[in-house]
Amino acid sequence: MEKLISSRNSKNEISYFKAILQGIAKDGGLFIPKNFNKIDFNNKKFIDYNYHQFAFLILKNFLKDIPDDDLNKMIKNAYDNKFDTDEIVPIKKINDSFFIELFHGPTLAFKDMALSILPYLMKYSKKEENLDKDILILTATSGDTGKAALEGFKNINGIKIIVFYPKNGVSDIQAKQMKTQVGKNVKVLGIDGNFDDAQNSVKEIFNDSKFKSKLLKQNYILSSANSINIGRLLPQIIYYVSSYFKLIKKEEITLGEKVDVVVPTGNFGNILAAKYAKKLGLPIGKLICASNENNVLTDFINSGTYNINRNFKMTYSPSMDILISSNLERLLYHISNNNSEKINNFMTNLNKNKKYTISKKLQNEMKDFEGHFCSQKETLDTIKKVYEKYNYLIDPHTAVAYCSYKKSNTNNKTLIASTAHPFKFPKAISKALKLENNKNVFELLKEIEKRTDTKIPERINNLTSKKTIHNKTIKIEDIKKNIISFL
Ligand SMILES: *Cc1c(COP(=O)(O)O)cnc(C)c1O
């Protein structure tokens, strides 16, 4: 049986099913695959693979205990006509850069790529583990995970989900998407605080054994749909692989040629998935970590010091407004040669002193990463420039990626993770395009539609007519109380 270990104690081994159900390790660490079995990508047969075949190739490499037929069924159900294109992840070329459009799923952001399949993996794990308890999923969101998780888990028997979002920290469309969520097993709560506050409180609950035994008495165990869950991370490897071979098919690169990737980064999940693709053998050169003005990661990559002693900023790219990037812990574990003692020290320092510094040696181990950030102004300028020059409208997160790419040192063809549909962020887009900005979001959308000749996606347009179901906002300290009352 394939196993994972905790980043904070290499001796703690666990199966994939248990890890997916549990989300985070009991010692507070993140689950890390014990084996990264190399795939021989130097093979022409992959050029004609479709998304389902790549999904099977990657997932089976880790989830060996799921029989082929069962895994294929999950993949087919996850990546079906919920996506508005059979390609699942189309590519848009601009010069030597290739925008991999990860926003064609039901909630128009890249979180759908993993959250379309996670519910199937969780249900399967529950069955395999003969779990007779129900699962309660607690999710902190910076805007997009929440909606994608709600869509994925709604009305699934035996699972309930509560989403916490920073009440002033998500875009109007993101908020509206969540507040109108239907489903008999879902709850959405705004919190007084930012994303880090939400994520920290949720993490604390996972470590609160008293609270957990209270839940257990009500027949619930906790799980997470955040990118700390390994079941989120694995499906994100797929599109780097599929996009690579798409470039070969389009004769943009030859088999074996290296590509660089640029990822607009928040919790470090998406870029870590690219690193995992590289660990499996995909010819990736540089990994460019793009940040907005919350540029903790840029500083970390350039200096070796991770320092959250700074002001939290609210930007045009809210899904990247994060100071504590959880998945970085996984990278630290890999570069420190699986030294969980070191990881414990870093995390203790981060907790106590709000910073830690890695050695020059470790820094050297991550020199395939490059960090850049873009200011608010640069973000808007990038949206405008790309639109005017190439007639291609990109969202603020993707703009941060493209702007960082322009600052980077790449020689290879480059994949740019395009993480959200531009119409999710009408305020920023209209500001960038210098449209009138005193209108409500739906009027803005119409104006952007008119100006750019791009249709408003139906999934956004129909939000106007949807009823608000979840209107409650709560204080951070009342989270537990609200969990109990929901159950
Ligand atoms: C979540 C998100 C990101 C950040 O991804 P991480 O995996 O958290 O680094 C970037 N852009 C958008 C639109 C997102 O929803």
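Reply: In this predicted model, a polar side-chain atom of Thr-419 lies 2.9 Å from a nitrogen atom of the ligand. This is a polar contact, a pair of N or O atoms within 3.5 Å; within protein, one must be able to donate a hydrogen and the other to accept it, and residues adjacent in sequence count only if both atoms are side-chain atoms. Taken alone, the ligand exposes 380 Å², of which the protein buries 98% (accessible areas by the Shrake-Rupley method with a 1.4 Å probe; for residues, only the protein chains shown count as cover). The ligand is surrounded by 15 residues, and the closest are Lys-111, Asp-144, Gly-266, Asn-267 and Asn-270 (a heavy atom within 4 Å).

Local features need pLDDT of at least 70, side-chain atom pairs count only at pLDDT 80 or more, and totals for chains, interfaces and linings use all residues. Residues are numbered from 1 along each chain as its sequence is written, and side-chain values use heavy atoms, with hydrogens and water left out.

The helices are H9 (residues 209-217) and H21 (residues 479-486), where a helix is a DSSP run of H or I of at least four residues, numbered from the N terminus. After H9 comes Asn-219, whose phi is positive, near 75 degrees.

Note on methods:
Axes fitted to C-alpha atoms, helices over the stretch in contact; angles between N-to-C directions. Helix = DSSP H or I, 4+ residues; strand = E, 2+ residues; numbered from the N terminus.
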